[in-house]
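Please examine the sequence and the structure shown below.

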Amino acid sequence: MAKVIFTVGDDISTDIIYPGRYMATVLPEETPQFAFADNPDFNARLLSLKKNHQSVIVAGENFGCGSSREQAVSTLKGHEVIIVAKSIARIFLQNSVNLGLKIILAPDNEASEDDELEISQDRVLNTTTGKSFQVEPLPKSRREIIEAGGLISYTRARLLKDRSLQLSEIE
Amino acid sequence: MNMTIVEKILSRASGRSNLKPGDVVEPAIDLAMSHENGALVINQFLQIFEGTPLDPKVWDASKIAIIFDHRVPAESSKTASNQKKIREFVNRQFIDKFHDIRGDVGGICHQILPESGYVRPGCVVVGTDSHTTSHGALGAFSFGIGATEMASVWALGKALNVEVPPTIKVNVTGAFPTFVGPKDFILHLIGKISAQGANFRVIEYHGETIRDMTTSGRLVICNMSVEAGATSGIVPPDEETIRYLREEAGVQDSLDMVVPDAGANYDEVINIDVSKLEPQIACPHTVDNIKGIKDVSGTKIDQVVIGSCTNGRLDDLEMAARVIRGKKIARNIRMLVFPASGRIYSQALGKGLIGDFMTAGAVVMNPGCGPCLGIHEGALGDGEVALSTTNRNFKGRMGNPTAEVYLCSPVVAAASAVAGVITDPRKGVN
C-alpha cells in the first residue's frame, strides 16, 4: 500500500521540481536535497521519508514540462517516490525511464493527500475513496529500457553487442 | 508512401522505408549538443563503460558540440569546476566543436549551432536542452533529450528507441502588422493549443508567412514549439535556408534539401492568419496564459530582459534599439540586454546598437542565457515583475518564486522599458 504524500496540479515544470539555481549540482547522489526546494513544506516531507516507505506524489496533466534537466528526475528518484500523473511531458518521461524513477500514467486519476493507493500494472485503486482508475501503458519503446534496469545498463549491453559483432566481422 | 518531413528524415537516418507514427527507430545522429550539463553527461558516459573492457571513447568527436552558455562566466566555484571538467574531457576526446567562454566564438548554444554552420537540412540533431527544437528552423529534426540519453548517444552514435512522432501541420498566412512578428505568432499558437497541445508530436510550419520569414524568425518559432509540448518544430528548407547557410553560416558544401511529400499524413492541420494579430503577452506562470497586449498594458514592471536563445539575435536588437534610441528607460526600471553570441554582439556594436542601449540606461551583458533560468545574473526581488523576451515564465524561473515573469517580443520589451509599464509599441512611446 502506498500513501499520497502530496498532490500537485497541472503543468508542474522542472523549474518547480528542481529550481534552476541548483543546477550546478549535477550528480544524482547530490540532487535529492533540492527536490521542490521553493516549497519548503514539500521539500521537508520528502527529506523526512523513512527507509522502505511507499510514497506517492499525485500530479495532474503535463507533469515535468519545460527544461530537459535530468536533476528533476534524479532528485525524485533519490527519494524513491512514485509519480502518479494524468500525463507526463516527453523529456521528463524519457528521463524517468532512463534513470528508473517509477512513473504511472493514470489519465483519470483522482486522489488527495494521505489517500492510500494500491498500484498494479493496469490500475490504481484508491482504497481511501474506493475508486479505481485505469493505467495507461508507457510507450512500447520505453518498456525495454525499464526491463533492462535503465538506460545505462541498456546502452552498455548494446555497446558490447555492437562491438563483438564488429570484432567477429573483422575475424 | 507519402511522408512528412520528420518521417522522411528518420527514414533516411535509420535506413528504414515507409515509416509511420509509432514506429520505433534508431536514427544515426548527425550532431549531439550539450552545454554545462555536459558535466553530468560525462559522468553518465563513464558509467556506461564501467565493468567493460572497452575504452571510454565517444563514437565520433566531430559530431559532438559543447557550448558554454548557461553560467558564463562561472558564477560559483562549483560551476567553474564543472566547466573545467568538461574542458579536460573535450581536450582528451578531441572535440573540436567546443565553444568556450569567449568574445569571438562564444554565445548561446542555439545561436552558435546555426551561425557556425553545424546544422543542415535533413540532419538529426539532439541536445541536452529542451530548446534544441530551435534547429528545425534549418530543416533538421532536432529535439531535446536528457543527460543519460546523451551519454548513450556519445557511446553509440544513435538514439535508441525513438518513436516516430505524429506531425501537426500549421499553415500560416497573412503579413504581420507593424510591431507584430514571429514571437507574437508563436505565443498566439501556444495559447491556442495549450502548453501540452503538441505533446509527443512535431509541428511542421508552412504558408506564405513562413516563406517570407527570415531564419532568425524561424528560429524563434521552432525554439518555442517546445512550449506547446512539441518534440520539435520544423520548417521545410527553402531558398531562405540556403541563403542563411551560405551567406551567414559560411556553409559551402552541397545541401540535402529534404522536404515533406505532397499528400503526407498529418495528425492535425491548423490554419492561422496573422494579418490582424496584435502583440501577444504570456502572463504568469505558464507560457500558454496568453493575452493580447491591450489586456495587460499598464502593468507595472521592475526589470526588462532582451536576449536569450529566443530573441537575442541581431534583428531583435535592431528592433528594440530603434524604439529606444534617443530615449531613456523609466526610473526604477532595470533593462538588461544579452546579445545571443559574440558575433551578434560585434555586429550590434558596429551598428551602434550597443551605444543606443547604454545611452538609454540599459545594461548590456555578455552573451549567454543570463537571467532566463534564474541561475546567474539578473535575479528578481521578492514580488517583482519582469517583462522578458525569453521563453519561459514558470514560477521561480528568474530565481524567485514570489516574482512574476511576462513574456513578449523585443519591440514590446523596449517600449515598455521606456514607459515603465507594459506598453503597446503601436501607440508610440513618449
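**From one bridge to the whole assembly**

Val4(A) has Val56(A) in β2(A) as its bridge partner. The strand concerned is β1 of chain A, residues 2–7, which runs parallel to β2(A) and is joined to it by four bridges. Strands here are DSSP runs of E with at least two residues, and helices are runs of H or I with at least four residues, both numbered from the N terminus. Two strands count as paired if DSSP finds at least two bridges between them.

The model is predicted: local features are given at a pLDDT of at least 70 and side-chain atom pairs count only at pLDDT 80 or more, whereas totals for chains, interfaces and linings use all residues. Residues are numbered from 1 along each chain as its sequence is written, while chains are lettered from A and ligands numbered from 1 in the order in which they are written. The model scores ipTM 0.95 and pTM 0.96. For chain B the average pLDDT, the predictor's confidence in each residue from 0 to 100, is 97, and 99% of the residues score at least 70. Where pLDDT is low, the predicted coordinates should not be read in detail.

The pairing described at the outset belongs to a sheet of chain A. This open sheet has seven strands in the order β4-β3-β2-β1-β5-β6-β7, with mixed pairing. Its edge strands, each of which pairs on one side only, are β4 (102–105) and β7 (132–134) of chain A. On average, neighbouring strands of the sheet are turned by 30 degrees against each other, direction ignored; the axes are lines fitted to C-alpha atoms, for helices over the stretch in contact, and angles in general run from 0 to 180 degrees between N-to-C directions.

Chain A is divided into domain 1 (2–137) and domain 2 (139–171), with bounds that come from an automatic or database domain assignment. The centres of these two domains of chain A, taken over C-alpha atoms, are separated by 28 Å. Four residues of domain 1 of chain A are in contact with six residues of domain 2 of chain A, contact meaning that the C-beta atoms, placed from the backbone, lie within 7 Å. The side of domain 1 of chain A that touches domain 2 of chain A has two nonpolar, two polar and no charged residues. In this classification, Ala, Val, Leu, Ile, Met, Phe, Trp, Tyr, Cys and Pro are nonpolar, Asp, Glu, Lys and Arg are charged, and the others, Gly among them, are polar.

How many residues of chain A are in contact with chain B? There are 43 such residues of chain A, and they meet 47 residues of chain B. On the side of chain A, the elements that give two or more residues are α1 (14–17), α4 (90–99), α5 (140–147) and α6 (151–170). Of these, α6(A) gives the most, with nine residues. By class, this side of chain A has 16 nonpolar, 12 polar and 15 charged residues.

Chain B is likewise assigned two domains, domain 1 (5–272) and domain 2 (280–427). Their C-alpha centres lie 25 Å apart. Between them, 35 residues of domain 1 of chain B are in contact with 29 residues of domain 2 of chain B. Helices α4 (109–115), α6 (182–193) and α8 (215–225) of chain B each supply at least two residues to the domain 1 side, and α6(B) gives the most, with six residues. That side has 10 nonpolar, 16 polar and nine charged residues.

Why is helix α14 (residues 410–419) of chain B largely enclosed by the rest of the structure? It is so because 10 of its 10 residues are buried, a term for residues with 20 or more other C-beta atoms within 10 Å of their own; 12 or fewer make a residue exposed, values in between make it partly exposed, and C-beta atoms are placed from the backbone. The buried residues of α14(B) pack against β14 (303–306), α10 (308–311), α11 (314–324), β15 (334–337) and β17 (385–388) of chain B. Gly420(B), with a positive phi near 85 degrees, follows α14(B).

A cis peptide bond, with omega about -20 degrees, joins Val72(B) and Pro73(B); Pro73(B) is in the loop between β3 (64–67) and α3 (77–93) of chain B. Asn52(A), although not a glycine, has a positive phi of about 60 degrees, and it counts as exposed, with 6 C-beta neighbours inside 10 Å.

Note on methods
Contact = placed C-beta atoms within 7 Å.
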